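I opened my notebook for a friendly walk through one model. Here is what I looked up, entry by entry.

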Amino acid sequence: MQRAFYYGDLLFESILINNAEIRLVERHFNRLVKSASILNYKLSPDFTLMEFIEQINESVNKSDISDKQNCRIRYTLFRDGGGFYLPHNNETKYLIDVFETNNLVNNNILKVGLYKENYKP
């Protein structure tokens, strides 16, 4: 984890869990995998969407937050190897932080439309 702190050799996704649903989980997973590929991270062959969801659910259930149905997580993926400017290897590890949302989600949805009566010339 030293590379992650010393050189910023990591990537992360902030993910919202609302009513026990991991919001946009497939998009988060695909973005994480694509970013890891760009950085030449070596992901485990077992790292699938289902494994990703299980890791998140397990971390949320083990956390000490009061509302496990509505929370925010930060999924951090980092290179495990040491090295100064170049990594010794591209193996990865992950860290999941779970946070209270404190009513971050507003269920009163604002609908926005387009005013079509007057167009700019």
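In what order do the strands of the open sheet lie? I read the order as β2-β1-β3-β4, four strands with antiparallel pairing. β2 (21-22) and β4 stand at the edges with a single partner strand each, so one side of each has no neighbour in the sheet. For my own reference, strands are DSSP runs of E with at least two residues, helices are runs of H or I with at least four, and both are numbered from the N terminus. Two strands pair if DSSP finds at least two bridges between them.

A note on ground rules: this is a predicted model, where local features need pLDDT of at least 70 and side-chain atom pairs count only at pLDDT 80 or more, while totals for chains, interfaces and linings use all residues. Residues are numbered from 1 along each chain as its sequence is written, and side-chain values use heavy atoms, with hydrogens and water left out.

Next I looked at β1 (residues 10-18), which pairs with β2 in the antiparallel sense over two bridges. There I found I17 opposite I22 in β2.

Then I turned to helix α2 (residues 25-38), where L32 sits. Is L32 buried or exposed? L32 counts as buried because its relative accessibility is 0%; the cut-offs are under 20% relative accessible area for buried, over 50% for exposed and partly exposed in between, with a 1.4 Å probe and protein chains only. Leaving out residues up to four places away in sequence, L32 touches L11, E13, F47, F52, Y75 and L77; contact means heavy atoms within 4.5 Å. L32 and L77 are 45 residues apart along the chain, with their C-alpha atoms separated by 8.3 Å.

My next stop was R79 in strand β3. R79 is buried, at a relative accessible area of 7%. What does its side chain reach? The R79 side chain comes to 3.2 Å from the backbone oxygen of L39, and it makes a polar contact with the side chain of N90 at 2.6 Å. A polar contact here is a pair of N or O atoms within 3.5 Å; within protein, one must be able to donate a hydrogen and the other to accept it, and residues adjacent in sequence count only if both atoms are side-chain atoms. Beyond four places in sequence, the contacts of R79 include R3, D9, Y41 and P87.

Last entry: Y85, in the loop between β3 (71-79) and β4 (92-100). Y85 counts as exposed, because its relative accessibility is 73%.
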